[in-house]
Amino acid sequence: MANTITSEEVNYLVFRYLQESGYIHSAFAFGHESHVYRSNIDGSQIPPGALLSFLQRGLSYVEIEASLREGRDASNSAATDTNGTAATLLDVHRILVSHQRAAMIPSATNAQDASQNPAVA
């Protein structure tokens, strides 16, 4: 199994998602513009809901990776709520933004130490 995905494969997954969700006109337009009809992808080998499954696995992977980076137990990660259900894309986005902000903003104690003792900063 390859660890990469081509733009042709992504286009096909989006095309199938649009079809499966009932966006027939959008699927037709997207398929025409992305040339999905000319691809060599065997649609019978792609299970229904493949795009959503792929995205959910990716979100889980991102959260597990963040948990490992922070030394947290991956089973208690924010990828699941208290009921054990999967996080949404918005939940993962909020987590990533909060981590980025925390990395950019020094803690209040570090700021106080730096203002009181410039040699430390």
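Visitor: How many cavities of 30 Å³ or more are there?
Guide: Two cavities reach that volume. Bear in mind that this is a predicted model.

Visitor: What volume does the second largest cavity have?
Guide: About 40 Å³.

Visitor: Which residues line the second largest cavity?
Guide: The lining is L13, R16, Y17, E20, I46, P47, G49, A50 and L51. By class, six are nonpolar, one is polar and two are charged.

Visitor: And which helices each supply at least two residues of that lining?
Guide: α1 does, and so does α3, which spans 50–70. The largest share comes from α1, with four residues.

Visitor: Switching to the core. What makes up the largest nonpolar core?
Guide: Five residues: Y12, F15, L18, A27 and V36. Helix α1, residues 7–20, gives the largest share of this core, three residues.

Visitor: What is A27 in contact with, leaving aside neighbours within four places in sequence?
Guide: A27 touches F15, L18, Q19 and Y37. Two of its partners, F15 and L18, also belong to that core.

Visitor: New topic: L96. Where does it lie?
Guide: L96 is in helix α4, which covers residues 89–104.

Visitor: Why is L96 classed as partly exposed?
Guide: Because its relative accessible area is 35%. Partly exposed runs between the 20% cut-off for buried and the 50% cut-off for exposed.

Visitor: How many residues apart are L96 and V62 in sequence, and what about in space?
Guide: In sequence, L96 and V62 are 34 residues apart. In space, the C-alpha to C-alpha distance is 9.4 Å.

Key: Residues numbered from 1 in each chain as written. Predicted model: local features only at pLDDT ≥ 70, side-chain atom pairs only at ≥ 80, totals over all residues. Heavy atoms only, no water. Buried < 20%, exposed > 50% of the residue type's maximum accessible area, 1.4 Å probe, protein only. Core = buried A, V, L, I, M, F, W, Y, C linked by side-chain atoms within 4.5 Å. Contact = heavy atoms within 4.5 Å. 1 Å grid on protein atoms, 1.4 Å probe; cavity = no way out; pocket = protein on both sides within 12 Å on 5 of 7 lines; lining within 4 Å. Points joined across faces, edges and corners; volume = space filled by probe spheres on them. Nonpolar A, V, L, I, M, F, W, Y, C, P; charged D, E, K, R; others polar.
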